[in-house]
Amino acid sequence: MKRKLAILAAAFATAGLAACSAPSTTVMTESGKRVTLEPAETLQAYHWSLVNVVQPDGTSNQTGVSLDRPLNLTFLEDVVALQNLCNNLNASYQLSDNRIQFSQVVGTMMMCNDPELMQYERDVATQLPTATSWSLASTDQTQANAPAPVLSLHFENGDTWRFAGEQTNETKYGSTAETVFLEVAPQPEACPSSAGTCLKVRPVYYDGQGLQTGAGDWVFFQPDAIQGYNHLVGVGTVLRTKRYDMNRGADGEVGHAYVLDMVVQSM
């Protein structure tokens, strides 16, 4: 069942350039703002997908990485979430220069239909607390075709786990998300100011008990305006989205980016 994840050769070609010094990372938001992140900030600014495990003799071990969904780490202020396993797992962590210390991994304890994945989850949960240090290789992420940042976790047994980074939406858009519920009408309509058809969308509002208290005016969205959402013509939906502010243009006008969080209702 091992369908191997392609190695990110371009990223790892530069992995040794500045790994020891843990460089800052410069990113460009969707609105064109350059942001420089310190190493610890870079940890939280990316989702990290495991690409390979390098053993002490230098050989690369693909165990676990060959699964359809590689281990993903998302670092929050003092907690790391482990994703793409059988269960939702997390651990606290502490940084001190290039040292890193993880607590015991905790989370849900559901059995998995895939024995290989279940065993891999146990192995990950056992080994993560034995991490001793971390290093970061990065390049100027504002440059076209820049290789992804590479995070390396180093362990007591000599293994090194190497991860490729993908920007979080907060990093990409340069703002914190606001939860917004949107109703999408079943039938698209002609866009009022451009060719083609648009989604007819309005905000909906709920109280603390989850009861709808009202709705806003209908507006028109481009078909791809809600990231992750594909509209089925004839089916109305209520969506929970994450809305990010985006500054547009020299006048500071604020636009919005929407990312689908979940489909609440289909009608």
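A disulfide is counted here wherever two cysteine sulfur atoms lie within 2.5 Å of each other. In this predicted model, a search of the whole structure with that cut-off finds 2 disulfides, and the bonded cysteines, counted along the chain, are paired in the pattern 1-2, 3-4.

The protein chain has a mean pLDDT of 86, and 86% of its residues reach 70 or more. Residues 1–21, however, have a pLDDT below 50, although in the model this stretch still has 40 contacts beyond its near neighbours in sequence. Where pLDDT is low, the predicted coordinates should not be read in detail.

One of the disulfides is formed by Cys86 and Cys112, whose sulfur atoms are 2.4 Å apart. This pair links distant parts of the chain, since the two cysteines are 26 residues apart: Cys86 sits in the loop between strand S6 (79–83) and strand S7 (89–96), while Cys112 belongs to the loop between strand S9 (106–107) and helix H3 (115–127). The angle about the S-S bond is -80°, and the link of Cys86 and Cys112 is left-handed. Is Cys86 buried or exposed? Its relative accessible area is 16%, and because buried means under 20%, Cys86 counts as buried.

The other link joins Cys191 to Cys198, with a distance of 2.0 Å from S to S. Here the angle about the S-S bond is 105°, and the link of Cys191 and Cys198 is right-handed. Cys191 and Cys198 are both buried.

The largest nonpolar core has 34 residues, and the members that touch the most others are Leu71, Phe75, Leu82, Leu153 and Trp161. Leaving aside residues up to four places away in sequence, Leu71 touches a list of residues that includes Trp48, Leu50, Leu82, Leu85, Tyr120, Val124, Trp161 and Phe163, and also Ser49 and Gln83. Apart from this core lies another, of 10 residues, among them Leu199, Val201, Ile226 and Tyr229.

A last stop is Ser133, which is placed in strand S10, residues 131–137. With a relative accessibility of 12%, Ser133 counts as buried, because it falls under the cut-off of 20%. Which residues does Ser133 touch, not counting those up to four places away in sequence? They are Asn98, Arg99 and Ile100, together with Ser152, Leu153 and His154.

How values were computed: Residues are numbered from 1 along each chain as its sequence is written. This is a predicted model: local features need pLDDT of at least 70, side-chain atom pairs count only at pLDDT 80 or more; totals for chains, interfaces and linings use all residues. Side-chain values use heavy atoms; hydrogens and water are left out. pLDDT is the predictor's confidence in each residue, from 0 to 100. Contact means heavy atoms within 4.5 Å. Helices (H or I, at least four residues) and strands (E, at least two) are DSSP runs, numbered from the N terminus. Buried means under 20% relative accessible area, exposed over 50%, partly exposed in between (1.4 Å probe, protein chains only). A nonpolar core is a set of buried Ala, Val, Leu, Ile, Met, Phe, Trp, Tyr and Cys residues joined through side-chain atoms within 4.5 Å.
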